Amino acid sequence: MTGTTTGTAVRAGLQADVAVIPHQLERPFRISHMTIATVDRVRLRLIGCCGQLRGEGEIAADLGYGQDGPAIAAEARLLAGELTRASGTETPDRLGELLAGAASAFSAPARMLVEMAFLDRAARTAGLPVWRLLDLPEPGPVRLMHTVPIGEEVPDARPVKIKLGGPRDQEVLRGLVGVDGPVVLDVNRGWGRADWEELRPLVQQVAPTVLEDPVSDDALLPQVRAALPGTTVLLDEGIDSRAAVERAALTADGANIKLMRFGGLLPGLDALHHLAAQGTARMLGCFLEPPRSIAYAAQLAGLCDWTDLDGHFWLCDDPPVLGYHLDSSRPGIPGIRY
């Protein structure tokens, strides 16, 4: 990692330090519409008197998704400065209210980064892990899927999540016919009508447990769902608001909730509650993100049907596994324990 940039905002003894660290992936991560080779890790630290770390957040920004690391850092620096001038930010409800009010002026990744640092600060002050501060269910074992980007071989590990929408889709699907599941297929909206009609018989033979974002045209979703009565069809791309969640509940079987799209854990929690109230399926997902933001999201795992939180394995040296626990022995954001 090279090329760190920093900035600060100061008020009443609380300093916000922001750093952007470019990160080159050891191997590219390919999905239907792009290949990811680099991300920017963006870190926000809240520093108190005598240099004491009071709260910390870290995300990863990918330009392919319109996430500009330096721009997010500048936003986070400004928003953190505004929050240090506001009262009651140690209270999650008040913090959520302030961040919701900032939604029109600040991007979702910037709001998530700031939310992480301030909720971490609030939990440390209270002597609690964040999930307990928010009265969430105690996180149990976080069960994962082994994600396979386009172009990589499908392992024997199960459950497995296979990215499709590439030139070898027929070959990949043929190799999955008759294999034991559970198998999740994620097309990232990579199939048009002609692709779906050509591949439908193979998809029906595979009978995936979950089919995520199968088509680029939502008008095809009724046809897809009718062809796969035993498959849960989820939407992901563009699911970033209450209105989008409501659309997913009406047109599909549920949604994949990613905190980076919603602006943090608090709005993500609201989205999961809404899906549950509609009786629809809930997946908790991620981008390629550092372990801290993955652990932050994993605090919601107990509210979901599936957890797809393995994005940190592309940004750290931890060997991929199919599950982990959260270490809540210290107050603040838990760590990942294998």
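Mentor: Start with the salt bridge: a side-chain nitrogen of Lys or Arg within 4 Å of a carboxyl oxygen of Asp or Glu. The model is predicted, so local features need pLDDT of at least 70 and side-chain atom pairs count only at pLDDT 80 or more, while totals for chains, interfaces and linings use all residues. Residues are numbered from 1 along each chain as its sequence is written, and side-chain values use heavy atoms, with hydrogens and water left out.

Trainee: What makes Arg168 and Glu171 a salt bridge?

Mentor: Their side chains meet at 2.9 Å, N to O. The cut-off is 4 Å, so the pair qualifies.

Trainee: Why is Arg168 called partly exposed?

Mentor: Buried means under 20% relative accessible area, exposed over 50%, and partly exposed in between (1.4 Å probe, protein chains only). Arg168 has 30%, so it is partly exposed. Glu171, with 46%, is also partly exposed.

Trainee: What distance makes Arg27 and Glu152 a salt bridge?

Mentor: The closest N and O atoms are 2.8 Å apart. The pair links distant parts of the chain, 125 residues apart. Arg27 lies in strand E2 (residues 14-31), and Glu152 in the loop between strand E6 (146-148) and strand E7 (160-163). Strands (E, at least two residues) and helices (H or I, at least four) are DSSP runs, numbered from the N terminus. Arg27 has 39% relative accessibility and counts as partly exposed. Glu152 has 25% and counts as partly exposed too.

Trainee: Are Lys258 and Asp236 buried or exposed?

Mentor: Both are buried. Their side chains meet in a salt bridge at 2.9 Å, N to O. Lys258 is in strand E11 (residues 254-258) and Asp236 in the loop between strand E10 (232-234) and helix H8 (242-251), so the pair ties together parts 22 residues apart in sequence.

Trainee: Over which ring does the charged end of Lys258 sit?

Mentor: Over the ring of Phe287, 4.8 Å from its centre. The rule asks for NZ of Lys or CZ of Arg within 6 Å of the ring centre and within 35 degrees of the ring normal.

Trainee: What makes Asp310 a buried charge without a salt bridge?

Mentor: Lys and Arg count as positive, Asp and Glu as negative; His and the chain ends are not counted. The nearest side chain of opposite charge, Lys161, is 7.3 Å away. The salt-bridge limit is 4 Å, so Asp310 has none. Asp310 lies in the loop between E13 and strand E14 (323-327). It touches Leu144, Met145, His146, Thr147 and Cys286, not counting residues up to four places away in sequence. Contact means heavy atoms within 4.5 Å.

Trainee: How do you know that E12 and E13 pair?

Mentor: Two strands pair if DSSP finds at least two bridges between them. Strand E12 (residues 281-285) and E13 have two, in the parallel sense, so they pair. In E13, Trp306 is the bridge partner of Met283.

Trainee: Why are E11 and E13 called edge strands?

Mentor: The open sheet has the order E11-E12-E13, with parallel pairing. E11 and strand E13 (306-307) each have a single partner strand, so one side of each is left without a neighbour in the sheet.

Trainee: Which order does the antiparallel open sheet of three strands have?

Mentor: Its order is E5-E14-E15. E5 and E14 pair over two bridges, and Val142 stands opposite Tyr324 in E14.
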